[in-house]
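Open the structure in your viewer and get ready to select a few pieces. We will take the tour one stop at a time.

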Amino acid sequence: MILPRAVAQPAELVEHLNALAPFPSGVANLRYTVDNDWSGDPAIFFWITLSDDAARRAVLSQNSRRIMDVITQRLDPVGQWGLIPYFNFRSQSEQAKLRDEVFG
Amino acid sequence: MAYHDDLIQHAIFLSELDLPDEPKQVRLRRAVSAAYYGVFHLLTTEAAQNWKHSSQRDRFARLFDHGRMKTCSSKVASCPLPDDSAQVPVASDLRLVADSFVKLQQARHTADYDNSKVWSRTQVYEMIALAEDAIAAWSRIRESESAQDYLLDLMGTRQ
């Protein structure tokens with residue numbers, strides 16, 4: 001079994017993730033976890049809090065697509081790190097109520 | 001209305017049920033599941049349409065396996081775009097379909113089995129939008145050779 005680069009070189013992954021800042025517009029906070037997905041494949045889960053304006057339903061899809069594209073292009077999770085990327089979006093007001101630790 | 005469209009409409013209905021109040025988790029989780037199955041049934045039904053005997057198509061559609069579909073879709077989603085600019089629109093749409101399928105499948109698994117996860121409406125709206133975009137992209141490319149190859153590969157056939 002070939003170890004994904006993200007597992008073999010976690011410090012390098014953190015360095016590249018930190019270099020994602022400044023985040024794309026509309027992103028209020030961005031966190032991530034590295035874990036296996038449901039079928040056991042190595043994955044990176046992004047937990048992204050959007051400004052309430054960016055999370056409005058009329059513009060949500062457009063904003064989330066733009067943010068996913070930026071992160072995927074800058075990090076290349078599959079090609080460079082052997083991780084399948086998964087994205088979760090939440091608004092600031094939702095997170096203020098839910099206080100979900102993973103979203104920070 | 002096709003079954004996959006009904007599933008997407010059902011997902012939207014569930015996600016909006018408690019507005020303007022706080023959503024019930026059960027509704028959000030079932031909405032995510034419905035959004036995934038909208039795309040799943042679209043693809044398996046499309047593949048079954050290629051089966052000659054119409055009376056066997058429902059049985060054919062049940063041959064698909066979620067894990068094999070994910071393996072195939074992950075490969076397609078990470079394929080580089082072709083150099084030939086004329087092929088880029090179809091390849092981009094196919095990547096969008098495959099990538100959305102992988103993301104929706106993971107979300108569905110979490111929604112159906114992980115009681116520790118709390119969903120918000122924004123998360124669910126995003127999943128529904130992924131499914132809607134995938135269905136729209138599929139409608140643009142469904143007759144293309146690469147899309148038809150994808151349907152076959154979803155069964156886990158040899159490359």
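How many residues does the contact take from chain B and from chain A? It takes 16 residues from chain B and 19 residues from chain A, where two residues are in contact if their C-beta atoms, placed from the backbone, lie within 7 Å.

Before you go on: this is a predicted model, in which local features need pLDDT of at least 70, side-chain atom pairs count only at pLDDT 80 or more, and totals for chains, interfaces and linings use all residues. Residues are numbered from 1 along each chain as its sequence is written, while chains are lettered from A and ligands numbered from 1 in the order in which they are written.

Now colour chain B by pLDDT, the predictor's confidence in each residue, from 0 to 100. Its mean is 95, and 98% of the residues of chain B reach 70 or more.

Next, select α6 (residues 121–141) of chain B, a helix (a DSSP run of H or I, at least four residues, numbered from the N terminus). On the side of chain B that touches chain A, α6(B) gives the most, with 6 residues.

How values were computed:
Axes are lines fitted to C-alpha atoms, for helices over the stretch in contact, and angles run from 0 to 180 degrees between N-to-C directions. Helices (H or I, at least four residues) and strands (E, at least two) are DSSP runs, numbered from the N terminus.
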